Amino acid sequence: MSLKDQIIPSRLPNHIAVIMDGNGRWAKLKGLFRTAGHEKGANAVKEVVEGCGDLGIKFVTLYAFSTENWNRPKMEVKTLMNLLVSSLKKEINTLQKNKIRLHAIGNIESLPSKVYKELQEVMEKTKENDKMMLTLALSYGSREEITNIIKEISAKVKNNIISIENIDETVINEHLYTRNLPDVDLLIRTSGEQRISNFLLWQIAYAELYFTEVLWPDFNKEHLFEAIINYQNRERRFGKTSDQLN
Ligand code: IPE
Ligand code: IPE
Ligand code: MG
């Protein structure tokens, strides 16, 4: 039986998030520049989006560039930004054909203007697509996100738009970048690192975490299916006992 056939359709994760890591190490192992790893990483994005599309997964969120990644060498940042623009231009037709809506979270205004413009254009063109919401986390940092919403909510309290008593988890969710997204069910990180690196700290409160040694440029549909099968073999208890669930 193929891996895909082992997946139980009624128990699919609704929202998969991915920390796409290991591009640099992949390139180094091959004696190439880090850039080559990022370029090959774009193929892995296609694999995951296609694989999720085949299964009918509605929400896919990819960590593409963190607030901390601005501290990388200027040339690498530039390459990543250029790659983003070229990938957006190249993939717009595929997004349309497969009815995928592109969405972004993070401080996207801080991106170079050509990236920002291209992103806005693709988001605008795909906004009616309803088969999948593909979210790119760009210049995203969870601590920055949470810091900003504390400021926003505080300002609302100060201006009597909201009272302190009414601040609850729903209010917080509505202020996050992810306000249009459901909670993450499955978080995948490639390259063997077992950390979160400032990604969706609030949103992964009850996500199932899956770490694989595979470097991102090598990650393909079969690896995705393995992660989903692994997820389906877990019991998500949300604080309850096993008996309560049955
Ligand atoms: C992930 O691969 C891509 C980004 C963080 C933008 P890395 O570039 O972090 O690759 P490694 O971790 O150095 O191998
Ligand atoms: C996390 O990867 C960010 C992205 C995948 C975009 P990093 O490679 O930047 O993470 P750390 O710094 O090694 O934790
Ligand atoms: Mg890395």
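This is a predicted model: local features need pLDDT of at least 70, side-chain atom pairs count only at pLDDT 80 or more; totals for chains, interfaces and linings use all residues.
Twelve positions need naming around the ligand. The shell of ligand 1 consists of Met20, Asp21, Gly22, Asn23, Gly24, Arg25, Arg34, His38, Ala64, Asn69, Arg72 and Leu80. By class, these residues divide into 3 nonpolar, 5 polar and 4 charged. Polar contacts to ligand 1 involve both side chains and backbone. An oxygen atom of the ligand is 2.7 Å from a side-chain N or O atom of Arg25. Asp21 also contributes its side chain, with an N or O atom 2.8 Å from a ligand oxygen. At Gly22, a polar backbone atom is 3.3 Å from an oxygen atom of ligand 1. On its own, ligand 1 has 380 Å² of accessible area, and the protein covers 86% of it. Two or more shell residues come from each of helix H1 (23-29) and helix H2 (34-55). H1 gives the largest share, 3 residues.

The nonpolar interior was examined next. In soluble globular proteins, nonpolar side chains tend to be buried together. The largest nonpolar core in this model has 46 residues. Those with the most contacts inside this core are Ile16, Leu102, Leu119, Leu134, Ile188 and Leu224. Helix H3 (residues 74-97) supplies the largest share of the core, 8 residues. Leaving aside residues up to four places away in sequence, Leu224 touches Ile16, Val48, Gly51, Cys52, Ile188 and Phe219. Another core, of 13 residues, lies apart from the largest one. Its members include Tyr63, Val184, Phe199 and Ala207.

Conventions
Residues are numbered from 1 along each chain as its sequence is written. Chains are lettered from A and ligands numbered from 1 in the order in which they are written. Side-chain values use heavy atoms; hydrogens and water are left out. A residue is near a molecule or strand if one of its heavy atoms lies within 4 Å of it. A polar contact is a pair of N or O atoms within 3.5 Å; within protein, one must be able to donate a hydrogen and the other to accept it, and residues adjacent in sequence count only if both atoms are side-chain atoms. Accessible areas come from the Shrake-Rupley method with a 1.4 Å probe; for residues, only the protein chains shown count as cover. Helices (H or I, at least four residues) and strands (E, at least two) are DSSP runs, numbered from the N terminus. Ala, Val, Leu, Ile, Met, Phe, Trp, Tyr, Cys and Pro count as nonpolar, Asp, Glu, Lys and Arg as charged, and the others, Gly among them, as polar. A nonpolar core is a set of buried Ala, Val, Leu, Ile, Met, Phe, Trp, Tyr and Cys residues joined through side-chain atoms within 4.5 Å. Buried means under 20% relative accessible area, exposed over 50%, partly exposed in between (1.4 Å probe, protein chains only). Contact means heavy atoms within 4.5 Å.
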